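The sequence and structure come first.

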Amino acid sequence: MRPLAVALLNLSGLGLGYLLIRRLLPALLCVGATAALLLLALPADVDGVPGGVLIGYAALLLLAAVHGALRAIRDRTRRPLRAPLATALGVILLAVPSGGALAYESARDEAVEQMLLDRLDNADRIVAGLDSQPFEGIAETKYKKALRTYRDLADDHPGSRAADRLPDSLTAYYESVAAPYAAKRYCEAVPPLTHLRTLPGTLGKDRLGALATWPDDRLATSLYECGTEGLGRSAADAPLTELLRTFPASAQAKKVEPALRDAIDTRTSAVKGPAPCPALDELRAIGTTAAALPGDAVDAEAVRGATERAVESGVYACGMDEFEDAHFAKAAATLNGFAKAYPASEKRDRAKDVAIAAEIAEERPSAGRRLPPSGSPGGAKVDLVVANLGPGELEVLYTGPTTGSVQLKDCASCRVFATKSQGDKTCRAGVTKYPRTTLRLPAGEYHFLYKRATVRDRADGARLSPAYRYTDCSFVTRGTAGLGRS
């Protein structure tokens, strides 16, 4: 039994079999090999001991067992009582390497668990540090890095302690990403909440549980609040369109049409206030927003009708306000546009009169000191003959006690005068052979604007008295447009 005992004792890795046959040097070599293995293996880490080292150590133990057994066979020393005891002890000591291997695996498993927990803690720290940062940009990249860690832990280590902590980490992740919503920064909350709605496809609905639908109501609210907050700006239709397409049956979607009507009513009231032009711009933007919304989400016809009525009032009010603020070119463009767009409006004639006064005032500011009278006054009338003594059609605009315009045909036979005095002389000689018309105007101070395509516009003014009959000639000189009055 002694060779068996020596072999079993050497398999323990302590070289005790060699001691049984009094071979000290091989025993020390076995102890040295075991000590080297322990130094390499301890403390246990995630990577463990290299496989080649373990194979080499196992081969060394087998070699020591065989070598020790052969030495024991040749050893003729008789120790009858020691062999059975040594054999029993060898069997018992076989538990040392196997127990050590089990203990080492357990320690390595713990190292792996700790490594996974460290990875989870690192991802949690990343998320916690992003609470106050805007989602888009660097923060989004960091959030996605943390999310990859969570996904890897869930996919590759589902039974680990780190995986058991994932529900709490994911809850914190959702709350951190959705921080703008909690702070009621609704437009800023739309991108991160949209990101959260993609996570069931990444992590799986079963893994997320209640978090899978957690962003839905919050995103619907953010889209509604962002869109209605932006009503009056051209970009407002984007969040409202997204709301109606993504959550068509939501409570927030049902509030879109009432919000549009409220916004129209608010701007309609503002049109009657001191700043109608900004309110008009916002009304037009609201109309654009309503027209861009999808499907049957709102009663587009009713909203469009309410918007158009409000815009009509707004255009008129804006033009009048621009005139009073001495923005004459803008006022003329706005009110001429009103007259053209709304030919059936009862305010059309008034808009045309103010537009004429604004055009004149752009060249002659004194014509814009006050709005033109809304009606023609009574009293004495003055005859004013307006004649075109120059090439090209002539339009004459006038404002004063009354406002209007007159169009004269082209004088094909008219020439360009060398000097203004030549034109004046021709005017005094009579205008019966020139294109002309007679205006019967209330007496008073008037402002005129002469518009001919071939020369720049020219403005002038005069006080018309009922004691006279006036002839107003317009002609062209080589230097500029000329005016004659007799």
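## The loop between α19 and α20

Ala 326 is found in the loop between α19 and α20. The model is a predicted one. Phi of Ala 326 is positive, near 65°, in a residue other than glycine. Ala 326 counts as partly exposed, because its relative accessibility of 44% falls between the 20% and 50% cut-offs.

## Aromatic pairs of α19 and α20

Searching the whole structure gives 13 aromatic pairs. One of them joins Tyr 316 and Phe 338, with 5.5 Å from centre to centre and 55° between the planes, a tilted arrangement. Tyr 316 belongs to helix α19 (residues 300-324) and Phe 338 to helix α20 (residues 328-341), so this pair ties together parts that lie 22 residues apart in sequence. Tyr 316 is buried at 14% relative accessible area, and Phe 338 is buried at 1% relative accessibility.

Phe 323 and Phe 328 also form a pair, with ring centres 5.4 Å apart. Their planes meet at 70°, so the pair is edge-to-face. Both Phe 323 and Phe 328 are buried.

## A ring cluster and an arginine

Phe 135, Tyr 143, Tyr 150, Tyr 173, Tyr 174 and Trp 214 are linked into a cluster by ring pairs. Over the face of Trp 214 lies Arg 218, 3.9 Å from the ring centre.

## Positive phi at Lys 184

Lys 184 is not a glycine, yet its phi is positive, at about 65°. Lys 184 sits in the loop between α10 (179-182) and α11 (186-196). With 61% relative accessibility, Lys 184 counts as exposed.

Conventions:
Residues numbered from 1 in each chain as written. Predicted model: local features only at pLDDT ≥ 70, side-chain atom pairs only at ≥ 80, totals over all residues. Heavy atoms only, no water. Phe/Tyr/Trp six-rings, centres within 6.5 Å; stacked < 30°, edge-to-face > 60°. Helix = DSSP H or I, 4+ residues; strand = E, 2+ residues; numbered from the N terminus. Buried < 20%, exposed > 50% of the residue type's maximum accessible area, 1.4 Å probe, protein only. Lys NZ or Arg CZ within 6 Å of the ring centre and 35° of its normal.
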